Amino acid sequence: MSIRRIFAVAICIGTILPLSACSGHTGVQALERQSTPSDVLPTGIDLPDTFDRESLRLLTTHEQVQYFVASSPDSSEGCIIIVPPGADPQWFSGCSDMGATDVIVTASTTPGNKSASLVRDDADTRTLESEGWTRIHGNILIASK
């Protein structure tokens, strides 16, 4: 095999490997869709500046609890916002790096002892589910009661 072919193969492998390493983690596709009227937080919830309000998306409502996703202004962090029904002031949230792990962030609150995890679109959650977590949406798992 000639030196040119070996060099060409090395370049191809060097280009393909990084792409395949990234392909296992796609993030949260909902952050890329157009905003709809349902993507608005209920009144009375004041988010800190760590959230990009324009990225806010409602992922699901489960047992009257709303589960929102958002990203930081530079899209380096993913955030989950959990909003109980009615005038319940016990909403909670959490943010973390959008790194390469399946679980982006787990947020919890002690009043009511509630927890929810935001996971990537392609997350393998079998271990969490075997530990009692329940998938209520492609990107949301909640702790069993």
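I took a residue as buried when its relative accessible area is under 20%. With that cut-off I looked up strand β2 and noted that six of its seven residues are buried, so that the strand is mostly covered. The model I am reading is a predicted one.

**Entry 1. Overall layout**

I began with the secondary structure and recorded two helices and eight strands in the chain. I then followed the elements from the N terminus and wrote down the order α-β-β-β-β-β-β-α-β-β. The chain has 145 residues, and buried residues make up 34% of them. For the surface I noted that the chain exposes about 8,800 Å², of which carbon and sulfur atoms supply 56%. I also looked up the contacts between residues at least 6 apart in sequence, and 36% of these join residues at least 24 apart.

**Entry 2. The four-stranded sheet**

I next traced an open sheet of four strands, whose order is β1-β2-β3-β4 and whose pairing is antiparallel. Which strands stand at its edges? They are β1 (57-62) and β4; each has a single partner strand, so one side of each is left without a neighbour in the sheet. On average, neighbouring strands of this sheet are turned by 20° against each other, direction ignored.

I then went through the pairings. Between β1 and β2 I recorded five bridges, the two strands running antiparallel. H62 has V65 in β2 as its bridge partner. These two strands form a hairpin with two residues between them, and in the turn E63 has a positive phi of about 50°.

Between β2 and β3 I recorded six bridges, again with an antiparallel run. V69 stands opposite I80 in β3, and A70 stands opposite C79 in β3. This hairpin has five residues between its strands, and S75 in the turn has a positive phi of about 65°.

**Entry 3. The disulfide**

How many disulfides does a search of the whole structure find? I noted one. The disulfide joins C79 to C95, with an S to S distance of 2.1 Å. The pair links distant parts of the chain, 16 residues apart: C79 lies in strand β3 (residues 77-83) and C95 in strand β4 (residues 92-97). I looked up the torsion about the S-S bond of C79 and C95, which is about 110°, so the disulfide is right-handed.

C95 counts as partly exposed because its relative accessibility is 28%.

I turned to the interior with a general expectation in mind: in soluble globular proteins, nonpolar side chains tend to be buried together. The largest nonpolar core here has 18 residues, and those with the most contacts inside it are V28, Y67, I80, I82, L118 and I140. I noted that β2 (65-71), β3, β5 (103-109), β6 (114-119) and β8 (140-143) each supply at least two residues of this core. Apart from this core lies another, of eleven residues, among them L41, F51, L58 and C79.

Leaving aside the neighbours within four places in sequence, I82 is in contact with V65, Q66, Y67, W91, F92, A107 and A116.

**Entry 4. T109**

Last, I looked up T109, which lies in strand β5. Is T109 buried or exposed? T109 counts as buried because its relative accessibility is 14%, which falls under the 20% limit. Leaving aside the neighbours within four places in sequence, T109 is in contact with F92 and K114. I also recorded its spacing from S93: T109 and S93 are 16 residues apart in sequence, and 8.8 Å apart in space from C-alpha to C-alpha.

Methods
Residues numbered from 1 in each chain as written. Predicted model: local features only at pLDDT ≥ 70, side-chain atom pairs only at ≥ 80, totals over all residues. Heavy atoms only, no water. Disulfide = S-S within 2.5 Å. Buried < 20%, exposed > 50% of the residue type's maximum accessible area, 1.4 Å probe, protein only. Core = buried A, V, L, I, M, F, W, Y, C linked by side-chain atoms within 4.5 Å. Contact = heavy atoms within 4.5 Å. Areas by Shrake-Rupley, 256 points an atom, 1.4 Å probe, with all protein chains shown as cover. Pairing = 2+ DSSP bridges. Axes fitted to C-alpha atoms, helices over the stretch in contact; angles between N-to-C directions.
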